[in-house]
Amino acid sequence: MPQPDHSPNDYTPFCGPLYIMTKPAGSLCNLACKYCYYTEKAKLYPDQPRAVMSDALLEKFVKEYIEMQTSPHVLFTWHGGEPLMRPLAFYRKALALQKKYAGGRIIDNAIQTNGTLITEEWAIFLKENNFLVGISIDGPQEFHDAYRRSRTGRPSWLQVMQGIRLLNRHGVEWNAMAVVNRMIGDHPLRFYHFFKEIGCRYIQFTPVVERLYRHPDGRLLASPIEGSVIEPTDFSVTPEQWGEFLCTLFDEWVRKDVGEYFIQIFDSTLAGWMGVPPSVCSLAETCGHAAAMEFNGDLYSCDHYVFPEFKLGNIRNKSLVSMMYSPEQLRFGTAKRDLLTRQCKECKFLFVCHGECPRNRFVNSEDGEAGHNYLCQGYYRFFNYAVPYMDFMKKCLLENRPASEVMNWITNGMPEYQANKKTKL
């Protein structure tokens, strides 16, 4: 077996936290969601059909992952595919290894699941070990089941809701990750109200944007560097839909729900207004601090960049920290900032958008420059609409007042904003 190339110098402290989405079952999943970007990654490993992380690799990963962190808090993120395809015994082993190598650090765990495999036993385990659970659910049944079905074509919404009930019964902390596809993009309030009705207070809305490109190995989704493919799939949300979706949803949230419901895109926008790093990497100035590791130890630059050209190496013969701080990964991270189009660089909302995710930069800018973000029109509309509200919430926070005061300000007619408008006229 090849020996790792790390030395004690690899563990020199760095300034920021590093995250790795770990795929203990690779791309293996019990569902076959139409828009899934990860299921086809199995084609990258035709000679390894049993996508199972070994105990030896798990121990090596846990040890190195803890050692490379500079913070006293360490977060493990278990992802897929479907991570619950691995048995409870696997995660009990992982927790024992975390305890073995913690070295005084506080260890937390998060797991992203489609929710269909949650049982009483799973719910008890997740509660007892303080897992934060992300549930992939696309709103009401007709929206969810349109795309999120089993491999035999059976709908999955009822199973997901049963999983959520089990989590609630045992007091497990969970939040929702919901995609916005072309169908859902036309129904923002119905979509949002569903999450409120089921008591979900923490929600991540993610726009679906995928392009088709047939690779020799059978994969059908385009790599981010295959920029000549500019036609999105029929399930991808359009820029116009995305802008309308965000503005409509924000209009209700900012009037009724600030401080009660936490929507990641709105929280991250406010963070940008405040000049602090957002919680979502797509709106950060640079990226590269969050990679993805496959079941066999292959490390990729990002969960959305699991393509051969973005493979950094394998943990069996390279240390995690050496790969995360390799020239390739550093270039990957700074390219988000360095390869912006002129239209982006001159945009008044650059400070909050930063060109969004590079994987969506496959159209031309207004002056014909390649590498512009497909969703630009939608984001620009939203940011422009949100200006007075974000300005007011920023003012509140700078004065140590809650951002939720924006709701009363709106009810009272937004006096400062209206006065400024009259002055400008």
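Which residue forms a salt bridge with Glu120? The partner is Arg169, and the closest N and O atoms of the pair are 3.1 Å apart. This pair joins distant parts of the chain: Arg169 sits in helix H5, Glu120 in helix H3, 49 residues apart. A salt bridge here is a side-chain nitrogen of Lys or Arg within 4 Å of a carboxyl oxygen of Asp or Glu. Helices (H or I, at least four residues) and strands (E, at least two) are DSSP runs, numbered from the N terminus.

The model is predicted: local features need pLDDT of at least 70, side-chain atom pairs count only at pLDDT 80 or more, and totals for chains, interfaces and linings use all residues. Residues are numbered from 1 along each chain as its sequence is written, and side-chain values use heavy atoms, with hydrogens and water left out.

Start with accessibility in the opening pair. Buried means under 20% relative accessible area, exposed over 50%, and partly exposed in between (1.4 Å probe, protein chains only). Arg169 is exposed, at 53%. Glu120 is partly exposed, at 33%.

Now follow helix H5 itself. H5 covers residues 157–169, 13 residues in total. From first C-alpha to last it reaches 18 Å, close to the 18 Å expected at 1.5 Å a residue. That expected span is 1.5 Å times one less than the number of residues. The buried residues of H5 include Trp157, Val160, Met161 and Leu167. They pack against helix H3 (120–128), strand E4 (132–136), helix H4 (141–147), strand E5 (174–180) and helix H6 (188–197). Contact means heavy atoms within 4.5 Å. After H5 comes Gly171, whose phi is positive, near 70 degrees.

Next, look beyond H5. The whole structure holds 20 salt bridges. Side chains of opposite charge can pair when their charged atoms come close. One of these bridges joins Lys23 and Asp303, at 2.4 Å from N to O. Lys23 lies in the loop between strand E1 (19–22) and helix H1 (55–67), and Asp303 in the loop between strand E9 (298–300) and strand E10 (311–314), so the pair ties together parts 280 residues apart in sequence. Lys23 is buried, at 0% relative accessibility. Asp303 is also buried, with 5%.

Finally, turn to a group of linked charges. Lys395, Glu399, Arg401 and Glu405 are linked in a network of salt bridges. Within it, Arg401 pairs with Glu399, their closest N and O atoms being 2.5 Å apart. Arg401 is partly exposed, at 24% relative accessible area. Glu399 is partly exposed too, at 40%.
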